[in-house]
Each structure stands twice: as structure tokens, then as C-alpha cells.
Amino acid sequence: MTAARRVAGKLGGLLLTLFLASLLVFFSRFLVPGDPVSFLLRGRKPSQEAVAQVTVQYGLDLPPWEQYLRWVLGLLQGDLGRSLQYRQDVTVVIGDRLPVTLLLVTMAGAIVLAAGVALGAVAALNRGRALDRFVLIGLTVLGAIPSFVGAIVLIALFSVQLGWFPSFGSGDGFVDMVYHLILPSIALALVFIVLVGKVTRSAMVDQLSREHVEVSTSRGVRRSVVVRRHVLRNALGPILTVSGVLVAGLIVASSIVEAAFGLSGIGSLLVQSVDRLDFPVVQAIVLLVVCAFVVMNAIVDVLEPWIDPRSAAGAGAR
């Protein structure tokens, strides 16, 4: 299989994934109980003419397939629709809140990768020893702590008791925003550190038992060089693979952390929009998460052969 055919196949798979996701995202709203028109006219006793006018204004009178086609055509032109709750374009509603969530997810992702890889490496290099057991027990305990519980503990300790960090809001300006998001990013990262830590340990343990690693060690190559060049680099493949799931998971889980710290991001916006039947906003955010997942997996596919040339050689042999 040539490189061009591999790229074409992966691109086709990504486009198919996006298409199927768009179908699921759009038509799932017809399974949700509740009427958007009733929400738009809440607190009133509308006439039949008013109901008909709102129905036509938002295109709710059209057949589902035609509504889907209009929605997709709008997406291709950068039009995500109009929010039923805010009476604004969805792009404006999401755009106002996206920077907070992007920075939160970026900071949390950096913490997850740094702490997860470090803990997994320490456990793998001390396999079967007390330090390995200690790290595994710590990761297990960490994985059992829900994000909102971690957020409450962090607020109580570092905001209320010590007063080191703010407990509410996202701040003004980039530096202040980073400062405000330190605790939220830690709370968001806690559960995901467990995933990366265990994947790293498993991948490194597998690499440590490989013949080329044992040969390098027997020839007197320094352990740090062996670990860096042969063990950790070859173990990056599974870690990168997890990264695609990691990004989507962080975005979804951000809703809990944003609520706990009073952040105005797209996670909290998603929860509000589901509660108030604001379907255009829900559809846009869910599709954004799917796109982030697809893009991250595409990046992983590009980086994996560069990090581990054996994967490219194996694909070429097939």
C-alpha cells in the first residue's frame, strides 16, 4: 500500500466519521422530549399565528431531512444557526466562551501529559518494587476521585485555607486568566492523569522486555540513554493514541469543573443549553468535540510514523 493510498484512506475515514457524527448530532434532537417553540414562547399564551411565525422563522416547519441539509450547508459557510436562548448567532455565543475552555483544556492537557508520563515512567523503571506499588495505588485512588470532589477539595485547601489561588471566575487578560485557571486545570486533569500514567507504564514495561533494550544494556550503554532513546521513544505510540480520546474527554469533563469554579466556558454552556433545549448550541458544541477528536487522531496518525518508524514500515509491508 503506497503512502498516497494510506493518506487517502485515512482522509476518507475522517470524512465518513464527520458525516456520521453530523447525522447523529442533528437527528438526535428529534428524540429529546420538549418543544423548542414552547421554550421560545415560555411565560406567554401565544396565538396560533405567533406559534406559526416562530416555527417558520427557525425553520422548524420543514421536514427533518431538509432541516439537516440547511444545517450542513450553513456549517460549510460558517453559519452554525441562531441560539434559541440568547437570540444571537451560535458562532457569537460560542466564540465568547471558547477562549476560556481552550486555555483550560490546554493547561489540563499539559498537566496530564507531564504528570502521567512521569508517574508511569517511574513505576515502569521500578517495576515490582515498593515505588511501583506506591505509584499504582496512588493512581488508583486518584482515579476514584470525581472531578467535582477534586474541585471542592482544591478550593477548600488552596483558596479558602491558604488563599493562594482564586476560586471563582476566569480573570481579565491572559496572565490573569492563566492564574485563575490553575486550580480548575488541576481539578480537570486529576482523573486523566491515571489513564496516561497506566498507559505509559504498560508501554514502557513492554519496551523494557524487548531484546534490543536488553542487548543495549548488556553492552554497557548507560541506562538513561537506553531509556530515552529506546524505551520512552518507542512507548510514545500508545501515549499519542490516547491523546485523541484525552482531548475530547477534557472538553466534555470541563463542564463539571467550569460549574464548580464559576467559569463561563463552552462546557457550562453545553449544560445550560441542554437544560433549556437550545438545540443549535448543543449541536454546535457536540460537533466541535467530535471535530477535536477527529483532528487529534489525524495528528496522531501523522506523528506516529515519525516517532516510531516501525509503524510506517509495517503499514507499507501490508
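A pocket, in the sense used here, is an open set of grid points where a 1.4 Å probe fits, with protein on both sides within 12 Å along at least five of seven lines. In this predicted model, the second largest pocket holds about 390 Å³ of space. Its lining is made up of 16 residues, and those closest to the centre of the pocket are Leu 18, Ser 22, Leu 75, Leu 287 and Cys 291. Two or more lining residues are given by each of the helices α1 (3-27), α4 (64-76), α5 and α13 (279-307).

The annotated segments were considered next. The unreviewed UniProt entry lists residues 12-32, 100-122, 134-158, 178-197, 238-261 and 281-300 under "transmembrane region". Within the model, the chain over residues 100-122 is 100% helix and 0% strand, with its end C-alpha atoms 33 Å apart, while the chain over residues 178-197 is 95% helix and 0% strand, with its end C-alpha atoms 25 Å apart.

Thr 101 counts as buried because its relative accessibility is 2%, where the cut-off for a buried residue is under 20%. When residues up to four places away in sequence are not counted, Thr 101 touches Ser 254, Glu 258, Gly 265, Ile 266 and Gly 267.

Note on methods. Residues numbered from 1 in each chain as written. Predicted model: local features only at pLDDT ≥ 70, side-chain atom pairs only at ≥ 80, totals over all residues. Heavy atoms only, no water. UniProt positions renumbered as here; feature names shortened; annotations may be inferred. Helix = DSSP H or I, 4+ residues; strand = E, 2+ residues; numbered from the N terminus. Buried < 20%, exposed > 50% of the residue type's maximum accessible area, 1.4 Å probe, protein only. Contact = heavy atoms within 4.5 Å. 1 Å grid on protein atoms, 1.4 Å probe; cavity = no way out; pocket = protein on both sides within 12 Å on 5 of 7 lines; lining within 4 Å. Points joined across faces, edges and corners; volume = space filled by probe spheres on them.
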